[in-house]
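Please look over the sequence and the model first.

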Amino acid sequence: MRSLTPLAVLAALAALSTLTACGGTADPAAAQGGGGAKGAKGTVTIRIPDPGNAGVLARGKKDGSLDKALAAVGAKVAWTGSAGPFAPAAQAMNADQLDIATGSITSGITSLSQSPGFAFFTATAPDPVGEGILVREGSDIDSVQDLVGRKVAVNKGGTGEYLLLKALAKAGVPADKVERVYLRPDQTAAVFNAGQVDAWAVWSTYAVAEIGSGKAHFVADGTAIGSDNYSLNAVRSGFVKEHPEVVKALYAYLHENSAKEKRDPAAYLNVFTDAGPTAVNGKAKDVQIAFTGKGGTVDPIRPEDIKRFETVAGFYADQKVTPNKVDIAAHLLDIEKLS
């Protein structure tokens, strides 16, 4: 397993990436003041990564409905940096620079193995169609078994590595028969399209553009892989301890509006602009609408979810992604019992 040196053009792409922004802050005052600090009128500030141009939070930011929901419990949002991979967001929560973040159970488990200062409070069922093993059109890779001897791009310890290892295990292919190439997700598209890797284990955030371009397809999607890769929302431990009512209000907002998004995905795309690099148009827009319509909603964490989380934690330990099995149950909140 090795890291692939990115193409020179990726330096320019990295400048546009939101990856590192997730761990930083766009509002230094908010970061210095600490989440949960009350102003002169007793308003609680909750720091959330900026949602960009799509999704429930983006629409809530634009139409003011999120502000209204939080104002009802004496809170307001400070948009801090930009949404991105969970690992840097977990570090930001641990450093008291962020109060809320979204990530996969897979990246969550690797982050929990390192003195976490956060807990998960929602679960969204694994994506059946928007994640998987991506190959270029015209590739001679027609099945997971065909990955033997090939190079597959993955993000280390996160969704990509999980999807690849899970697919190989289900197909009975030893993990060491496939070369994992560790790359940041925002750096992988150019490498993938240049043919420097044979496949890419990826999720919808990055897959939509590739599939929408007509140049790539999944050789195995989440359903075929048998993925247990839930999406979760995390909250900084200190914040939920001090302001459980704010976390409950945020959950209620996400739960209600994720159901609306599932019913009408198009209404949650291109929220602020339908042009430029953050917009989704053409075939890619159709792909995204189809993925969202078949996806899950933001729900409480149920006992049956916890069993599947523990299965992932055991799988990661077995695959040596983590040194030991992470006690995921110790870092979960029952949002319905929070008080």
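How far apart are the end C-alpha atoms of α12? They are 29 Å apart, which agrees with the 28 Å that its 20 residues should span at 1.5 Å a residue. The expected span is 1.5 Å times one less than the number of residues. Helices (H or I, at least four residues) and strands (E, at least two) are DSSP runs, numbered from the N terminus.

The model is predicted: local features need pLDDT of at least 70 and side-chain atom pairs count only at pLDDT 80 or more, while totals for chains, interfaces and linings use all residues. Residues are numbered from 1 along each chain as its sequence is written, and side-chain values use heavy atoms, with hydrogens and water left out.

**Helices**

The buried residues of α12 include P244, V246, V247, L250, Y251 and L254. Here buried means under 20% relative accessible area, exposed means over 50%, and partly exposed lies in between (1.4 Å probe, protein chains only). An α-helix has 3.6 residues a turn, so residues three or four places apart point the same way.

Helix α7, residues 159–171, has 13 residues and reaches 18 Å from its first C-alpha to its last, close to the expected 18 Å. Mostly covered, α7 has 10 of its 13 residues buried; among them are T159, G160, E161, Y162 and L163. Just after α7, G172 takes a positive phi of about 75 degrees.

**Strands**

Strand β5 (residues 118–124) is largely enclosed by the rest of the structure, because 7 of its 7 residues are buried. Strand β2 (residues 44–50) is also largely enclosed by the rest of the structure, since 7 of its 7 residues are buried. Two strands pair if DSSP finds at least two bridges between them. β5 is joined by 6 bridges to strand β11 (residues 231–236), and the two run antiparallel; F120 stands opposite A234 in β11. β2 is joined by 6 bridges to strand β3 (residues 75–82), and these two run parallel. I48 has W79 in β3 as its bridge partner.

**Aromatic pairs**

The structure holds 9 aromatic pairs. Rings of Phe, Tyr and Trp (its six-membered ring) pair if their centres lie within 6.5 Å; planes under 30 degrees apart count as stacked, over 60 as edge-to-face and the rest as tilted. Two of the pairs are set out below.

| Pair | Centre to centre | Angle between planes | Type |
|---|---|---|---|
| W200 and Y206 | 6.3 Å | 40 degrees | tilted |
| Y230 and F309 | 4.9 Å | 90 degrees | edge-to-face |

Y230 lies in the loop between α10 (222–225) and β11, and F309 in helix α14 (residues 303–318), so their pair ties together parts that are 79 residues apart in sequence. Both Y230 and F309 are buried.

**Loops**

D96 lies in the loop between α5 (86–94) and β4 (100–104) and is partly exposed, with a relative accessible area of 31%. N270 lies in the loop between α12 and α13 (282–293) and is buried, with a relative accessible area of 14%.

T278 lies in the loop between α12 and α13 and counts as partly exposed at 48% relative accessibility. T278 and A54 are 224 residues apart in sequence, and their C-alpha atoms are 8.5 Å apart in space.

What volume does the second largest pocket have? Its volume is about 170 Å³. Of the 13 residues that line this pocket, the closest to its centre are K156, G157, E161, K320 and V321. A pocket is an open set of points on a 1 Å grid over the protein atoms alone, where a 1.4 Å probe fits, with protein on both sides within 12 Å along at least five of seven lines; lining residues have an atom within 4 Å of a point. The volume is the space filled by probe spheres set on the points. By class, the lining has 3 nonpolar, 6 polar and 4 charged residues. Ala, Val, Leu, Ile, Met, Phe, Trp, Tyr, Cys and Pro count as nonpolar, Asp, Glu, Lys and Arg as charged, and the others, Gly among them, as polar. E161, one of the residues closest to the pocket centre, is also one of the buried residues of α7.
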